[in-house]
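Please read them with the coordinates open.

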Amino acid sequence: MTIEVVDLSFSYGTHNVLKNISFSADYGDFLSILGPNGVGKSTLFRCMLGLLTPNKGDTFIDDRAVSSLNAKDLAKIIAYIPQSHNPVFNFSVFDMVLMGTTAQLGQYSSPGKKERRQVEEALSRIGISHLKERGYRNISGGERQLVLIARAIAQQAKILIMDEPSSSLDFGNKIRVMQTVKALTNDGYMVIQSTHDPDQSFLYSDMVLALYKGEVLAWGKPQEIINDSLISKLYGVDVEVCSLQEDSLRICIPARDKWIHE
Amino acid sequence: MILAFLLLIIIIFSITLGRYPIGTREAFGIIGSKLFDIDPFWTGTQESLLLNHRLPRVILACLVGCCLSTAGASYQGVFQNAMAAPDILGASSGAAFGAALAILLDMGKTMIIVSAFSFSLLTVALVIYIGHRVRGKQVLGLILAGIMISSLMSSGTSFIKLVADPENQLPTITYWLMGSFNGASPEDVGFVVVPMAVGLAPLFLFRWRINVLTLGNDEARTMGVNAKRLRTIIIMCATLITAASVSVSGMIGWIGLVIPHLTRRLVGNNYKYLMPATMVLGAIFLLVVDNISRNLLATEIPIGILTSLIGVPFFIFLISRDGEQL
């Protein structure tokens, strides 16, 4: 297995955020970490990315512990794709993606021809070459998300960690972004996304890790683990999981007896 | 490149500018005679004036302009704040207190510079120490500590002004606070050139990585940049060059804010190009303003007054113009 989270626990002071989390994933996998807001998804990611040191357990990538790697070596194997944000300075899209190549450079160097070519390739792979001259702050949220994905591609890491990629996007952009990411897993990338939306897990994921109060509530294929009782417990609302098109698609809707009588 | 060429022309022009006439030919002759054997075709007064007063002053104006603008651009990057200026961590108020104290104790000119420089660094060290003890966001803690300690230092300076001898100490302090290159000597250049070079070199070398740092600690780290260490280095270097600058020039405001912003409009936000352009443009700006300061009126106008007088309207024009938003 390529990435293994082993018995990972983390607490802020006396507040236990994560308790004994274990799971693993391989290249080509699309893994969703599902849970309500504030359940510790971001904390889990921060531990996996080496931004926080777990109190117990660790993350292993190709048998190397994340806590033993420095920022530069870590950046070459695992990339972080934040939610599309609004930075202080308006960099061009090209420069924004070019920053992804920093881990490959010496301390005092700036990106050269080789890195610029990587950026061109990353941009055309994501299909946003036409944006490269634009200012990052002047493009839409969906486009920004695609730029950040291109930046992770230029970083040349094969493991992509995405923080709620679909949460701030409109309907069309959500689909566009998720399809782009899904295509990457077919090319051998491993994608781990956090999401609070169970429908997202059904549509795209190979595996789902459901977090509840800092612990693993369920771990498995979405068709096997996502059912009425799991979703109802996770979110504290009555939910029905419906099957569409001979069970090739499932969606979660509020439990029927509630909305019929209103 | 064009900017560097422009700077060179303005430097030559500045040397010849002044109440006592020195032609371009004489200026080149005097400087050339230090390297080659040239028969003097200039007067002794010209030589002494050029080498002991005018040239050091021109060099100092360029160095200080370069350093303050670079420090401003650097602080803006590491604090992720487009409004950060070189005195954000209290470097200027510390220098002011140090200079006022040295003047109060009737110390010599060199000691005033040394005292200003030391107190500037001490103040920033104190700000960083307090900033790290603030719970919560580090950057916010630093800026808050900067505001508090600056205010403390300013009251200290006010107190010194209160007890200073109003006949000669008070005017000296007041004049120092207005900022000036009047009386620049080769020794001044010698004193600040080393800390300036030590501070400027890393800022220039790390300029690409400052881009990544503007995205925040976490993002920078996941892209392979040791954000905390780099941020500390940048803050230390920017502080060093700010302290060196204000210790010889006094309070010169606005340049550290206006020049980086002007440069952002000209070459964009990528620090790879922003940094060298800011360095040269800062030098050009302060040199031109200093030329105005010593040539416009019969008495010298303190340069700190002029940079505000020119800088503020220019900044207002810059931010209210169409195009890029802040």
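1. For the 262 residues of chain A, a compact globule would come out near 18 Å; chain A has 19 Å, so the two agree. Bear in mind throughout that this is a predicted model.

2. Overall build of chain A. Ten helices and twelve strands make up its secondary structure. Along the principal axes, the C-alpha atoms fill a box of roughly 60 × 40 × 35 Å. Of the 262 residues, 42% are buried.

3. Helix α4 of chain A. Residues 113-126 form this helix of 14 residues. From first C-alpha to last, α4(A) reaches 20 Å, close to the 20 Å expected at 1.5 Å a residue. Directly after α4(A) comes Gly127(A), with a positive phi near 80°.

4. Which residues of α4(A) are buried? They are Glu115(A), Gln118(A), Val119(A), Ala122(A), Leu123(A) and Ile126(A). These residues cover an arc of only 135° around the axis, so they sit on the same side of α4(A). Their cover includes α3 (93-98), α5 (141-154) and α6 (171-186) of chain A. On the face turned away from the buried side, α4(A) carries the exposed residues Lys113(A), Lys114(A) and Arg117(A).

5. An open sheet in chain A. Four strands take part, in the order β2-β1-β4-β5, and the pairing is antiparallel. The edge strands are β2 (15-25) and β5 (64-65), each of which pairs on one side only. Strand β4 (residues 56-61) meets β5(A) over two bridges, in the antiparallel sense. Ile61(A) has Arg64(A) in β5(A) as its bridge partner.

6. Asn20(A) is not a glycine, yet its phi is positive, about 45°. Asn20(A) is placed in strand β2 of chain A.

7. Strand β9 of chain A. This strand, residues 207-212, is mostly covered, with five of its six residues buried. What does β9(A) pair with? Strand β3 (residues 30-34) runs parallel to β9(A), joined by four bridges. One pair there is Ser32(A) with Val208(A). Strand β10 (residues 215-220) runs antiparallel to β9(A), joined by five bridges. Ala210(A) has Ala218(A) as its bridge partner in β10(A). As background, strands of a sheet pair through backbone hydrogen bonds, either parallel or antiparallel.

8. The turn that follows. β9(A) and β10(A) form a hairpin with two residues between them. Lys213(A), in the turn, has a positive phi of about 50°.

9. A loop residue in chain B. Asp106(B) also deserves a look: its phi is positive, about 55°, although it is not a glycine. Where does Asp106(B) lie? Asp106(B) is in the loop between α4 (91-104) and α5 (109-133) of chain B. Asp106(B) counts as exposed because it has 11 C-beta neighbours inside 10 Å.

10. A buried position in chain B. Val124(B) is found in helix α5 of chain B. With 28 other C-beta atoms within 10 Å, Val124(B) is buried. Leaving out residues up to four places away in sequence, Val124(B) touches Leu89(B), Gly90(B), Ala91(B), Gly94(B) and Thr239(B). Val124(B) and Cys62(B) are 62 residues apart in sequence; C-alpha to C-alpha, they are 24 Å apart in space.

11. The contact between the chains. Chain B gives 24 residues and chain A gives 22 residues. On the side of chain B that touches chain A, α9 (207-213) and α10 (217-222) of chain B each supply at least two residues. By class, that side of chain B has eight nonpolar, ten polar and six charged residues.

Note on methods: Residues numbered from 1 in each chain as written. Chains lettered and ligands numbered in written order. Predicted model: local features only at pLDDT ≥ 70, side-chain atom pairs only at ≥ 80, totals over all residues. Contact = placed C-beta atoms within 7 Å. Nonpolar A, V, L, I, M, F, W, Y, C, P; charged D, E, K, R; others polar. Rg over C-alpha atoms; globule rule 2.2 N^0.38 Å. Buried ≥ 20, exposed ≤ 12 C-beta atoms within 10 Å, placed from the backbone. Expected span 1.5 Å × (residues − 1). Arc of directions from axis to C-beta. Pairing = 2+ DSSP bridges.
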